[in-house]
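Work through the exercises below with the sequence and the coordinates open. Each task is followed by a solution in steps.

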Amino acid sequence: MTERVVLKLGGSVITDKSGECAIDHARLRDIAEVLAANRDTALVLVHGAGSCGHPEARRYRINDGLTNDNVPGVYETHTAVSSLNTAVVDALRDAGVEAIGIHPLHLGLAEDGRLASFETRHIAEMTEHGIVPVLHGDVVMDRLRGSCIVSGDQLVTRLAAALGSRRVGLATDVAGVLQNGAVVPRIDRSTIESLDVGGSGNTDVTGGMRGKLAELLALADAGIDSHIFHVSKIGRFLDGTGHGGTTITARSKP
Ligand SMILES: Nc1ncnc2c1ncn2[C@@H]1O[C@H](COP(=O)(O)OP(=O)(O)OP(=O)(O)O)[C@@H](O)[C@H]1O
Ligand SMILES: C=C(C)CCOP(=O)(O)O
């Protein structure tokens with residue numbers, strides 16, 4: 001079976017998270033060049049929403065559930081993050097990567113904030129043909145709440161488990177998980193307690209670094225390690241030369 005790499009581009013690195021849907025096109029071009037240079041990798045790409053989706057999700061209180069008042073928020077949030085998805089796909093295609101956008105609102109159903117069903121067989125099929133599926137954190141219909149936000153981080157864990165991926169990376173705006181300014185090289189359930197991990201510095205409805213680690217520790221429990229590193233280290237993550245960030249694992253330090 002093809003060894004698939006699941007890579008998430010944090011919303012903080014492809015948008016200016018302090019603005020309103022401020023897409024960083026120059027950063028997207030740089031990332032696209034790196035991914036184009038690694039075309040042999042069977043890649044499944046996920047991106048966060050950054051300033052294209054988090055402000056809308058917060059404004060319409062999507063995660064509190066749907067009422068008569070906030071139904072338009074489903075459209076507004078999905079449209080904002082979809083515009084970012086188009087920009088990511090365009091940048092990749094301009095660099096020669098056979099990318100195609102996939103919207104979780106169309107293929108997932110949640111129950112109380114967690115994906116209950118999510119089709120991935122077509123994603124696996126795409127990678128067999130050199131297509132790079134580009135998914136994103138999204139608003140998804142929820143059988144208990146009406147709707148909820150499914151983060152790119154939740155998608156990463158879902159995809160990695162479903163596709164049997166052993167290489168999972170999250171590129172973000174920090175060098176890794178930090179403690180007193182230094183990167184913590186390895187985190188497992190026994191070491192997480194001693195760390196000071198917070199949310200995002202900007203508008204974020206999915207828990208920032210704390211939310212990320214909750215997802216990735218659950219993935220580690222399922223036997224799949226993952227890595228958080230600075231966006232400038234994507235090439236090194238892909239070629240295995242060392243990303244200098246944090247590895248999230250179920251195993252204690254050797
Ligand atoms: N201990 C910590 N180490 C590193 N970053 C931390 C820590 N605690 C909180 N953070 C914050 O977490 C942020 C990264 O999480 P964030 O959710 O913003 O990233 P992202 O995945 O790029 O964004 P998005 O959720 O939009 O995709 C950092 O920029 C930092 O402000
Ligand atoms: C807010 C939306 C639409 C998705 C959030 O995904 P994330 O940026 O990966 O947390």
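A residue counts as near a molecule if its C-beta atom, placed from the backbone, lies within 6 Å of it. The model used here is predicted.

**Exercise 1. The shell around ligand 2**

Task: Find which residues come nearest to ligand 2, and which elements give two or more residues to its shell.

Solution. 
Step 1. There are 17 residues around ligand 2, and those that come nearest are Gly48, Gly53, Gly137, Gly152 and Thr206.
Step 2. Two or more residues each are given by helix 3 (54–59), helix 4 (72–94), strand 9 (138–142) and helix 7 (152–163).
Step 3. Sorted by residue class, the shell holds six nonpolar, nine polar and two charged residues.

**Exercise 2. Helix 7 against helix 9**

Task: Decide whether helix 7 and helix 9 are roughly parallel or roughly antiparallel, and list the residues that meet.

Solution. 
Step 1. The axes of helix 7 and helix 9 (residues 208–221) are 9 Å apart, and the packing angle is about 15°.
Step 2. Angles under 35 degrees count as roughly parallel, and helix 7 and helix 9 are therefore roughly parallel to each other.
Step 3. The crossing of this pair, helix 7 and helix 9, is right-handed.
Step 4. Helix 7 contributes Asp153, Gln154, Thr157, Ala160 and Ala161, which meet Gly211, Lys212, Glu215, Leu216, Ala218 and Leu219 of helix 9.
Step 5. By class, the residues of this contact are five nonpolar, three polar and three charged.

**Exercise 3. Helix 2 against helix 4**

Task: Classify the orientation of helix 2 and helix 4, then describe their contact.

Solution. 
Step 1. Helix 2 (residues 25–36) and helix 4 have axes that come within 8 Å and cross at roughly 45°.
Step 2. Helix 2 and helix 4 are therefore oblique to each other.
Step 3. Helix 2 passes helix 4 with a right-handed crossing.
Step 4. On the helix 2 side the residues are His25, Leu28, Arg29, Ala32 and Leu35; on the helix 4 side they are Ala87, Val88, Ala91, Leu92 and Asp94.
Step 5. This contact between helix 2 and helix 4 divides into seven nonpolar residues, one polar and two charged.
Step 6. An α-helix has 3.6 residues a turn, so residues three or four places apart point the same way.

**Exercise 4. Positive phi**

Task: Describe the phi and the burial of Cys21 and of Asn180.

Solution. 
Step 1. Cys21 is not a glycine, yet its phi is positive, about 40°. Cys21 sits in the loop between strand 2 (15–16) and strand 3 (22–23).
Step 2. Cys21 is buried, because 20 other C-beta atoms lie within 10 Å.
Step 3. Asn180, also a residue other than glycine, has a positive phi near 50°. Its place is the loop between strand 12 (178–179) and strand 13 (182–183).
Step 4. Asn180 counts as exposed, with 6 C-beta neighbours inside 10 Å.
Step 5. A glycine with positive phi is Gly130, near 75°, which follows helix 6.

Notes
Residues are numbered from 1 along each chain as its sequence is written. Chains are lettered from A and ligands numbered from 1 in the order in which they are written. This is a predicted model: local features need pLDDT of at least 70, side-chain atom pairs count only at pLDDT 80 or more; totals for chains, interfaces and linings use all residues. Helices (H or I, at least four residues) and strands (E, at least two) are DSSP runs, numbered from the N terminus. Ala, Val, Leu, Ile, Met, Phe, Trp, Tyr, Cys and Pro count as nonpolar, Asp, Glu, Lys and Arg as charged, and the others, Gly among them, as polar. Axes are lines fitted to C-alpha atoms, for helices over the stretch in contact, and angles run from 0 to 180 degrees between N-to-C directions. Angles under 35 degrees count as roughly parallel, over 145 as roughly antiparallel, 65 to 115 as roughly perpendicular and the rest as oblique. A crossing is left-handed if the near helix is turned anticlockwise from the far one by less than a right angle, and right-handed if clockwise. Two residues are in contact if their C-beta atoms, placed from the backbone, lie within 7 Å. A residue is buried if 20 or more other C-beta atoms lie within 10 Å of its own, exposed if 12 or fewer, and partly exposed in between; C-beta atoms are placed from the backbone.
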